[in-house]
Amino acid sequence: MSKSHPPLTPDEARQALELIEATARQMRRFAAYGGMAYFLLLWGTVWLLGFGANHFVQDPAMRGRIWTVLDLLGLAGTGYVVWWLHKTRQGIRWGFGSTLGWFWITWMGYGLLFIYFAQPQDGTLLSMLLSLWAMYGYVVSGLLFRSRLLVGLGLTVTAFIVVGYLALPAYFNLWMALFGGGSLIVAGGYILSSWR
Amino acid sequence: MGEFNELIHQPVRLRIMAALHALPPGSQLDFGRLRDMLGITDGNLASHLRKLEEAGYILVEKTFVGRRPRTYIAITDVGRKAFEAHVEALRDLLAWEGEAGEQPPSP
């Protein structure tokens with residue numbers, strides 16, 4: 001093995017750098033997208049239906065039941081996807097090990113504590129806080145996975161949440177169904193279509 | 001200043017190192033996944049991995065998932081630094097070209 005000044009032309013160096021960049025991009029894409037699309041499609045659908053119910057269903061008790069069922073389906077679906085990825089893909093063993101899992105567990109615990117003690121009486125405020133809380137989880141996960149797409153998606157939906165809450169409070173739930181759930185579904189669909 | 005590395009510069013090994021370097025530190029990549037990504041045979045990949053492993057640039061771990069044997073590959077700290085130095089050397093070469101309009105002195 002020799003280490004010295006590069007015995008190659010600038011064109012060869014450029015080609016090597018392009019090869020490196022293309023391979024790294026392919027790897028990052030695989031690493032970031034493996035399974036992520038299914039989570040986004042799943043939770044995008046949960047948001048679309050849940051916030052849609054908030055807007056269109058008059059009975060608060062019924063809205064609560066719909067959200068409970070959707071969240072349980074979302075959690076069950078998440079568990080299934082995690083199991084399926086573990087069984088079938090086996091592509092990467094992450095260096096951060098169980099950090100991601102512990103992050104989501106503590107994220108859930110702290111979120112529940114905040115909501116329990118803050119006790120927001122306004123349903124729209126509660127929806128806004130829960131949505132922001134979810135997007136915080138997406139951004140942190142994106143940072144761990146080094147996924148610019150996931151970080152960008154989290155920040156974009158966060159902007160939608162803030163704009164919708166401040167500018168269109170009367171239509172916040174409809175706004176969130178379309179732009180919150182819709183963004184997650186579009187991102188998941190984009191990943192699936194571009195990856196395959 | 002970077003350091004050109006002939007072992008790493010071979011195209012297949014360059015792609016192996018680029019792929020492993022793109023993962024978060026400490027992460028491991030499945031042998032089959034790497035083979036599919038590179039589009040080469042098992043034997044060819046194993047041969048390149050052996051050279052990189054002998055240089056201390058990667059770690060190869062053989063394990064079982066259920067009853068199925070699996071091989072995982074990770075870049076080492078030494079490999080990460082060598083790869084980054086190599087990339088820097090390539091960039092230096094282009095920078096020299098840009099600044100001087102001519103090639104750097106040969107070794």
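User: What makes the largest nonpolar core a core, and which of its 59 residues touch the most other members?

Analyst: Leu40(A), Met176(A), Met17(B), Ala19(B), Leu20(B) and Ile73(B) touch the most other members among the 59 residues. A nonpolar core is a set of buried Ala, Val, Leu, Ile, Met, Phe, Trp, Tyr and Cys residues joined through C-beta atoms within 7 Å, and the six residues named here belong to such a set. Helix H2 (residues 36-56) of chain A gives the most to this core, 10 residues.

The model is predicted: local features need pLDDT of at least 70 and side-chain atom pairs count only at pLDDT 80 or more, while totals for chains, interfaces and linings use all residues. Residues are numbered from 1 along each chain as its sequence is written, and chains are lettered from A and ligands numbered from 1 in the order in which they are written.

User: Which residues of H5(A) are called buried?

Analyst: Ser127(A), Met128(A), Ser131(A), Met135(A), Tyr138(A), Gly142(A) and Phe145(A). A residue is buried if 20 or more other C-beta atoms, placed from the backbone, lie within 10 Å of its own, exposed if 12 or fewer, and partly exposed in between. In chain B, 32% of the 107 residues are buried.

User: How do you know what span to expect for helix H5 of chain A?

Analyst: The expected span is 1.5 Å times one less than the number of residues. H5 (residues 123-145) has 23 residues, and its 33 Å from first C-alpha to last is close to the expected 33 Å. After H5(A) comes Arg146(A), with a positive phi near 55°.

User: What makes a residue of chain A part of the side that touches chain B, and how many residues are in contact?

Analyst: Two residues are in contact if their C-beta atoms, placed from the backbone, lie within 7 Å. By that test, 29 residues of chain A are in contact with 38 residues of chain B. H1(A) gives the largest share of this side of chain A, 13 residues. This side has 15 nonpolar, nine polar and five charged residues. Ala, Val, Leu, Ile, Met, Phe, Trp, Tyr, Cys and Pro count as nonpolar, Asp, Glu, Lys and Arg as charged, and the others, Gly among them, as polar.

User: Which four strands form the open sheet, and how do you know that they pair?

Analyst: The order is S2(A)-S2(B)-S4(B)-S3(B), with antiparallel pairing. Strands pair if DSSP finds at least two bridges between them. Two bridges join S2(A) to S2(B), and eight join S3(B) to S4(B), so both counts pass the test. Ile92(A) has Leu29(B) as its bridge partner, and Arg93(A) stands opposite Gln28(B). Within chain B, Val60(B) is partnered by Ile73(B) in S4(B).

User: How many helices and strands does chain B have?

Analyst: Five helices and four strands. Helices (H or I, at least four residues) and strands (E, at least two) are DSSP runs, numbered from the N terminus.

User: What confidence does the predictor give chain B?

Analyst: The average pLDDT is 89, and 92% of the residues score at least 70, on a scale from 0 to 100 for each residue. For the complex, the predictor gives an ipTM of 0.88 and a pTM of 0.67.
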